[in-house]
Amino acid sequence: MTDRLTGKTALVTGATSNIGAAIAERFAAEGATVVVSGRSAERGQAVVDRIIAAGGRGSFVAADLDGTKRASELLADQAREALGGRVDILVNNAGVFPGGPTPAIAEETADLVYAVNVKAPFFLVAALAPAMVERGTGKIINMGSWGARLGIAGSALYTSSKGAIESLTRAWAAEFGPAGVNVNAISPGVIRETEPEPGERGETLMWGTPVGASGRPDVIAAAAVYLASDESDFVHGSVLDIDGGRTGVAVRGAAPRPDGLGDLPGSVAGQAALSPMGRCHDGVTVRSTRTEWIPTVVGRMKFSRARCARRYASVSRACAIASAESKVISTTASIGSSDPSLY
Ligand SMILES: NC(=O)c1ccc[n+]([C@@H]2O[C@H](COP(=O)([O-])OP(=O)(O)OC[C@H]3O[C@@H](n4cnc5c(N)ncnc54)[C@H](OP(=O)(O)O)[C@@H]3O)[C@@H](O)[C@H]2O)c1
């Protein structure tokens, strides 16, 4: 590490797991004193223990960010106190992401998503930005999502909250930037702490990208260090896509991967998985290359439009592909049923 944050103080919300934990640990490794925040004291203390074991400085401050101004102000006060009176860097990372069709979303779920993902960061910035403005320096980093700019069925509630965070990032950059406070966001792709099981749904969402797979939290932490450091002084209101290319790139001619996943046909399948309803077309042939996961699916199958429609619920989203040039595709996770009568 390079001491890029030496002498800085940071509050990282949602730092008790995955992305937030990686950011907190990386900040500390770069010399910052860090407040690790979240609801779980056990997981939070484990992160702090790792920070201290690595020679860094950090402490845990419990907070249930329920969206009220009071909860955010309380965390801001406690973090300030733990950090010796000053928060130089605020990372609004805590988030919840329940999915589901719009008509099935309960009012309490909608309230929770906007409370944690939008209102809590809003009131934290309200509580901490004024002192940054007064000092003429500060860094605010918001956590967006690739889903804010790529429509995904079943994610309307969550991704709309991330769209709000992107808008807040630009508005806050205009509001606080002239005083020397940098407000930016990171938009992660699918990020998980551990290697995924083959064919996991989250993993298929990354097919068709240059990377073709999910990322680990350290890729987000690296971007956060940049945005928290003096190196980003010229950056205002940006949203850094750290998403393996998910939002901006579609690969259709990638070299095969050694494990057979995410190859050219698989990449096309990945694109289809993200297309509305994984649209089905008469006569499209789907070939499973991973029959070991799908015992009943062997060799090639022909899907009719009617069959696709019937099978949609069990097949997840990528039931078939339409591509003028490519009538045969390989697919893995798209076949989700072991009921032979469905094929
Ligand atoms: N992982 C991805 O693929 C991905 C992709 C795009 C964007 N993102 C965004 O990145 C951020 C982190 O995601 P993640 O995957 O690391 O999530 P995660 O592992 O589920 O962690 C979420 C964090 O938020 C905290 N949190 C949740 N509700 C809270 C509440 N009411 N009050 C205080 N803290 C709360 C949790 O802490 P406690 O459990 O201790 O309360 C936890 O530390 C989120 O904003 C997410 O939307 C993630």
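1. A62 is found in strand β3, which covers residues 57-62; strands here are DSSP runs of E with at least two residues, helices are DSSP runs of H or I with at least four, and both are numbered from the N terminus. Residue numbers start from 1 along each chain as its sequence is written. The model is predicted, so that local features need pLDDT of at least 70 and side-chain atom pairs count only at pLDDT 80 or more, while totals for chains, interfaces and linings use all residues.

2. Is A62 buried, exposed or partly exposed? A62 counts as partly exposed because it has 15 C-beta neighbours inside 10 Å; a residue is buried if 20 or more other C-beta atoms lie within 10 Å of its own, exposed if 12 or fewer, and partly exposed in between, with C-beta atoms placed from the backbone. Leaving aside residues up to four places away in sequence, A62 touches R39, A41 and G44, where a contact requires the C-beta atoms, placed from the backbone, to lie within 7 Å. The C-alpha atoms of A62 and V35 are separated by 9.7 Å, and these two residues are 27 residues apart along the chain.

3. For the protein chain, the secondary structure comes to 9 helices and 10 strands, and buried residues make up 46% of its 343 residues. Among contacts between residues at least 6 apart in sequence, 69% join residues at least 24 apart.

4. Around the ligand there are 26 residues, of which G14, N18, G38, R39 and G95 come nearest; a residue is near a molecule if its C-beta atom, placed from the backbone, lies within 6 Å of it. The largest share of this shell, 3 residues, comes from α1. By class the shell has 12 nonpolar, 10 polar and 4 charged residues, where Ala, Val, Leu, Ile, Met, Phe, Trp, Tyr, Cys and Pro count as nonpolar, Asp, Glu, Lys and Arg as charged, and the others, Gly among them, as polar.

5. Helix α1 (residues 18-29) packs against helix α7 (residues 217-228) at an angle of about 50 degrees, with the axes 8 Å apart; axes are lines fitted to C-alpha atoms, for helices over the stretch in contact, and angles run from 0 to 180 degrees between N-to-C directions. The two helices are therefore oblique to each other, given that angles under 35 degrees count as roughly parallel, over 145 as roughly antiparallel, 65 to 115 as roughly perpendicular and the rest as oblique. In this contact N18, I19, A22, I23, R26 and F27 of α1 meet P217, D218, I220, A221, A224, V225 and A228 of α7, and by class the contact has 10 nonpolar, 1 polar and 2 charged residues.

6. The axes of α1 and helix α2 (residues 41-53) come within 9 Å and cross at roughly 25 degrees, which makes α1 roughly parallel to α2. A21, A24, E25 and A28 of α1 and V47, R50 and I51 of α2 make the contact, which by class has 5 nonpolar, no polar and 2 charged residues.

7. Helix α3 (residues 69-82) and helix α4 (residues 107-135) pack at about 50 degrees, with their axes 8 Å apart, and are therefore oblique to each other. From α3 the contact involves K69, A71, S72, E73, L75 and A76, and from α4 it involves A120, F123, L124, A127 and L128; by class there are 8 nonpolar, 1 polar and 2 charged residues.

Conventions:
Two residues are in contact if their C-beta atoms, placed from the backbone, lie within 7 Å.
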